[in-house]
Amino acid sequence: MEINKKRYRDLDSYFKRKFNKKIIKIPLDGGFTCPNRDGKISKLGCIYCSENGAGDFTKYDDLDKQIDFQINRLKKENRKEGYMAYFQNFTSTYGNIQKMKKLFYGAINNPNIMGLSIATRADCLSDEVIALLDDLNKKTFLVVELGLQSVNEKSIEFINRGYSHKEFDQDLLKLKEKNIKTLAHIIIGLPNEDIDDFLNDISYINKRKFWGIKVHNLYIEKGSRIFDYYLKNQNDFTMTLDQYVDYVILILENLDPNIIIQRLTGDGRRDKIVWPIWSKNKARVLSTIDKKLKDEDKKQGDLWKEK
Ligand code: SF4
């Protein structure tokens with residue numbers, strides 16, 4: 001049982017144990033773009049990508065101002081807190097290396113920042129990026145977040161991720177060789193996927209010993225390309241909250257108990273989500289998962305076997 005009484009290895013408990021305080025990830029916008037949107041690979045982007053590149057909007061260009069703004073927005077008085085800089089928007093290792101150095105070293109030199117999370121694509125890890133990440137990893141707590149989404153090549157084509165699972169796997173090894181912590185995002189509920197696909201994702205995540213995982217339910221936001229697909233194919237979108245909870249529990253049971261769980265719901269904008277409506281209430285989704293795990297006396301790793 002974790003500090004937060006979860007039946008899975010949740011990030012908040014991990015941070016409390018490691019840093020002896022509450023750690024808040026503060027979303028930062030490094031002003032990056034993405035090769036899947038700027039035309040290098042495609043101009044369309046992933047089918048679910050929003051105008052913010054799957055990231056929160058933050059209103060300052062200056063990094064220290066962004067950090068102050070986000071800390072003031074998220075902090076709670078009288079709580080022992082630390083902050084992790086999270087470069088979330090678009091592809092944070094794509095583009096000018098000097099710009100990356102300025103941002104990432106700038107963040108870790110800010111006295112309020114205890115570490116870095118960098119969201120990117122596995123196909124955007126050039127040699128100079130790997131050298132930079134290697135150096136950052138020696139200086140601070142570093143996690144590199146990758147949009148795996150699925151190991152099913154047909155699904156990867158459907159979402160227009162722009163590179164194959166085979167390429168993802170080869171590129172991932174560059175991070176593993178440097179002992180850099182990696183986190184995989186996966187999506188539950190893509191059209192034409194079922195529990196076998198989700199368990200294939202987990203089997204891969206176990207095999208490659210990712211440090212962490214974020215599980216997102218598929219959701220449809222107005223204005224995304226998947227919204228147009230949804231309007232024409234509504235029969236493909238049937239996942240109920242109960243089904244999602246059952247999938248998540250099976251995923252947790254099959255997941256290596258050492259892997260950190262950072263998210264178990266989608267993170268869409270409430271005002272933009274048109275499906276599934278239940279996903280707008282993240283607290284309810286999480287409490288339903290927790291309750292079912294407790295009622296059925298299940299926990300992360302119950303069905304996992306070391307291979
Ligand atoms: S990789 Fe991220 S930023 Fe790029 S198109 Fe896909 S979701 Fe958008």
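This is a predicted model: local features need pLDDT of at least 70, side-chain atom pairs count only at pLDDT 80 or more; totals for chains, interfaces and linings use all residues.
**Stop 1: the ligand**

The surrounding shell is made up of Cys34, Asn36, Arg37, Gly45, Cys46, Tyr48, Cys49, Phe90 and Arg121. Sorted by type, this shell has 5 nonpolar, 2 polar and 2 charged residues.

**Stop 2: a cis peptide bond**

Next select Trp275 and Pro276. The peptide bond that joins Trp275 and Pro276 is cis, with omega at about -20 degrees. Where does Pro276 sit? Pro276 is in the loop between strand 9 (273–275) and helix 10 (282–295).

**Stop 3: two residues with positive phi**

Select Gln149. Gln149 is not a glycine, yet its phi is positive, at about 70 degrees. Gln149 belongs to strand 4, which covers residues 141–149. Is Gln149 buried or exposed? With a relative accessibility of 10%, Gln149 counts as buried.

Now move to Asn179. Asn179 is not a glycine either, and has a positive phi of about 55 degrees. Asn179 is found in a loop, the one between helix 6 (165–177) and strand 5 (181–188). The relative accessibility of Asn179 is 64%, so Asn179 counts as exposed. Gln149, in contrast, is buried.

**Stop 4**

The remaining stops concern charged side chains. Side chains of opposite charge can pair when their charged atoms come close. How many salt bridges does the count come to? The count for this model comes to 23 salt bridges.

Select Lys25 and Glu145 and show their side chains. Lys25 and Glu145 form a salt bridge, with 2.6 Å from N to O. Lys25 is in strand 1 (residues 22–28) and Glu145 is in strand 4, so this pair ties together parts that lie 120 residues apart in sequence. Lys25 has a relative accessibility of 17% and therefore counts as buried. Glu145, at 1% relative accessibility, also counts as buried.

**Stop 5**

Select Lys138 and Asp134. These two residues form a salt bridge in which the closest N and O atoms are 3.1 Å apart. Both Lys138 and Asp134 lie in helix 4 (residues 127–139), where they are 4 residues apart, about one turn of the helix. Which of the two is exposed, and which is buried? Lys138 is exposed, with a relative accessible area of 63%, whereas Asp134 is buried, with a relative accessible area of 13%.

**Stop 6**

Go on to Lys174 and Asp171. Their side chains meet in a salt bridge, at 3.7 Å from N to O. Lys174 and Asp171 are 3 residues apart in helix 6, so about one helical turn separates them. At 28% relative accessibility, Lys174 counts as partly exposed. Asp171 is buried, and its relative accessible area is 15%.

**Stop 7: a network**

Salt bridges that share partners join Asp246, Lys292, Glu296 and Lys298 into one network.

Conventions. Residues are numbered from 1 along each chain as its sequence is written. Side-chain values use heavy atoms; hydrogens and water are left out. Buried means under 20% relative accessible area, exposed over 50%, partly exposed in between (1.4 Å probe, protein chains only). A salt bridge is a side-chain nitrogen of Lys or Arg within 4 Å of a carboxyl oxygen of Asp or Glu. A residue is near a molecule or strand if one of its heavy atoms lies within 4 Å of it. Ala, Val, Leu, Ile, Met, Phe, Trp, Tyr, Cys and Pro count as nonpolar, Asp, Glu, Lys and Arg as charged, and the others, Gly among them, as polar.
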